[in-house]
Amino acid sequence: MQKFDFKVLQAAIDAAVSVPVDKIIEDVQRSEFTKVIHAIDDTIDSEQNPVVVIDIRRPNEVTAEPLALRHVLTIPFYELKTAFKTLNPSVRYALYCDKGVMSQLHAQYLIELGFDNVLVYRPLV
């Protein structure tokens, strides 16, 4: 049995970079990969098709503060990749989370996987 090399662990700790959450949010908000919408106009997009909002928050967050929209699916972020593959590809989906960070990151990831029907829903406060 080999012994753990603590020098490797220390090197990883020394090289670690701390990034404040505010900086991550700024970087994500500047991203141009994903279209961000700020309002659901009766859940219709420019092609007169429903835009379905996918609430990717944790189930307890959804229960505590549900979205008051007509077309909402609840798919926690940790199930999104698997579940998204089963959704109708002709429908446009707008991902939602409280701060817009997780929704932006997951939307970008889905776009990188080849999905072109993904938006981010970030309502104006």
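## Ground rules

Since this is a predicted model, local features need pLDDT of at least 70 and side-chain atom pairs count only at pLDDT 80 or more, while totals for chains, interfaces and linings use all residues. Residues are numbered from 1 along each chain as its sequence is written, and side-chain values use heavy atoms, with hydrogens and water left out.

## The big picture

The protein has five helices and five strands. Follow the sequence and you get the pattern α-α-β-β-α-β-α-β-α-β.

Of the 125 residues, 34% are buried. Here, buried means under 20% relative accessible area, exposed means over 50%, and partly exposed is in between (1.4 Å probe, protein chains only). The accessible surface comes to about 8,700 Å², and carbon and sulfur atoms hold 57% of it. Those areas come from the Shrake-Rupley method with a 1.4 Å probe, and for residues only the protein chains shown count as cover.

What about contacts, meaning heavy atoms within 4.5 Å? Take those between residues at least 6 apart in sequence: 62% of them join residues at least 24 apart.

## Strand E4 and its neighbours

Strand E4 covers residues 92-96, and four of its five residues are buried, so the strand is largely enclosed by the rest of the structure. Strands count as paired if DSSP finds at least two bridges between them. E2 and E4 run parallel and are joined by five bridges; one place to look is Val 51, which stands opposite Arg 92 in E4.

E4 also runs parallel to strand E5 (residues 118-121), with three bridges joining them. Ala 94 has Leu 119 in E5 as its bridge partner. To get from E4 to E5, the chain passes through helix H5 (residues 101-112), making a right-handed β-α-β crossover. Right-handed means that, with the strands pointing away from the viewer, the path from the first strand over the helix to the second runs clockwise.

## Zooming in on Asp 55

Asp 55 sits in strand E2 (residues 51-55). Its relative accessible area is 1%, so Asp 55 counts as buried. Leaving aside residues up to four places away in sequence, Asp 55 touches several others, including Val 62, Leu 67, Ile 75 and Tyr 96.

## A network of charges

Side chains of opposite charge can pair when their charged atoms come close. How many salt bridges does a search of the whole structure find? There are two, a salt bridge being a side-chain nitrogen of Lys or Arg within 4 Å of a carboxyl oxygen of Asp or Glu. One links Arg 57 with Asp 55, with the closest N and O atoms 2.6 Å apart. Arg 57 is buried too, at a relative accessible area of 4%.

Arg 57 also forms a salt bridge with Asp 98, where the closest N and O atoms are 3.4 Å apart. Asp 98 lies in the loop between E4 and H5 and Arg 57 in the loop between E2 and helix H3 (59-64), so the pair ties together parts 41 residues apart in sequence. Asp 98 is partly exposed, with a relative accessible area of 49%. Through shared partners, the salt bridges join Asp 55, Arg 57 and Asp 98 into one network.

Methods
Helix = DSSP H or I, 4+ residues; strand = E, 2+ residues; numbered from the N terminus. Contact = heavy atoms within 4.5 Å.
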